[in-house]
Amino acid sequence: MSSISHHSAPLAHGPVARERAASADTAATTVTSTAVARYSFAGVRLLLAVEFLWAFGDKLFGWGLGTPTERAWINGGSPTEGFLGGVEGPFAGFFGALAGNPVIDWLFMLGLLGIGLALALGIGMRIAAGAGALLMLLMWMASLPLENNPFVDYHLVDAVLLIGLAAFLAGDTLGLGKQWARLPLVQRFPVLR
């Protein structure tokens, strides 16, 4: 009898055991990969938040890195005049007409602040991604012709990243995205997600 039960039990090193071990390894790798992806995208989201918020703060206060103190918005400077006033590429006429316009200054600054805060908090990612991608595309157009590459610069990369972050729900990790999604207004209007 003992020899019959010994032969009917699966071998510890047989094909079934190897298949189970491989399946367990795959599941563990998938869980680890998913966690790494979630935290990596959350990190990218936070880095982009700093990029937008830094630009807002520098234009507002003139921290002396991108904007001299005397050209700060609070000191009467225009946050759009320096960049848009110096456009030389194919869209120079369009962007030159926008440079220094008070309405454009307000829209630009509100955009930087709103996008930066949404990314930092992980809320309103769809609207922030759309607005941020549009802003990055406009800045890419204003940068033409590019200095180091005929087509790609960080503006295009950031635009694509923003769309991917919203699609991946990157605000749910290290952010308030899950709590935001449970709000009745957000459930009623998913574009606010």
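Predicted model: local features only at pLDDT ≥ 70, side-chain atom pairs only at ≥ 80, totals over all residues.

Reader: How many salt bridges does the structure hold, and which residues form a salt bridge?

Author: The general idea is that side chains of opposite charge can pair when their charged atoms come close. Here the structure holds one salt bridge. Its partners are Asp172 and Arg193, whose closest N and O atoms are 3.0 Å apart. The pair ties together parts that are 21 residues apart in sequence, because Asp172 lies in the loop between helix H7 (154-167) and helix H8 (177-181), whereas Arg193 lies in the segment after helix H9 (184-188).

Reader: Is Asp172 buried or exposed, and is Arg193 buried or exposed?

Author: A residue counts as buried when its relative accessible area is under 20%. Asp172 has a relative accessibility of 18%, so Asp172 counts as buried. Arg193, with a relative accessible area of 16%, is buried as well.

Reader: What does the side chain of Thr173 make a polar contact with?

Author: Thr173 is found in the loop between H7 and H8, and its relative accessible area of 7% makes it buried. The side chain of Thr173 makes a polar contact with the side chain of Arg38, at 3.3 Å. Leaving aside residues up to four places away in sequence, Thr173 touches Arg38, Tyr39, Ala42 and Arg45.

Reader: Why does Asp58 have no salt bridge, and how far away is the nearest side chain of opposite charge?

Author: A salt bridge requires a side-chain nitrogen of Lys or Arg within 4 Å of a carboxyl oxygen of Asp or Glu. For Asp58, which is buried, the nearest side chain of opposite charge is that of Lys59, 5.3 Å away.

Reader: Which backbone nitrogen does the side chain of Asp58 reach?

Author: Asp58 lies in helix H2, and its side chain reaches the backbone nitrogen of Gly66 at 3.3 Å. Not counting residues up to four places away in sequence, Asp58 touches Trp63, Gly64, Leu65, Gly66 and Thr67.

Reader: Which residues make the nonpolar surface patch?

Author: Val50, Trp54, Phe61, Trp63, Leu65 and Ile74 make a nonpolar surface patch of about 660 Å². One of these residues, Phe61, has its place in helix H2 (residues 15-61). Phe61 counts as partly exposed, because its relative accessibility is 39%. Trp63 and Leu65, both in the patch, are also among the residues that Asp58 touches.

How values were computed:
Residues numbered from 1 in each chain as written. Heavy atoms only, no water. Patch = residues over 30% accessible without salt bridge, like charges linked within 9 Å, V, L, I, M, F, W, Y side chains within 5 Å. Areas by Shrake-Rupley, 256 points an atom, 1.4 Å probe, with all protein chains shown as cover. Helix = DSSP H or I, 4+ residues; strand = E, 2+ residues; numbered from the N terminus. Buried < 20%, exposed > 50% of the residue type's maximum accessible area, 1.4 Å probe, protein only. Lys, Arg positive; Asp, Glu negative; His and termini not counted. Polar contact = N/O pair within 3.5 Å; in protein donor to acceptor, adjacent residues only side chain to side chain. Contact = heavy atoms within 4.5 Å.
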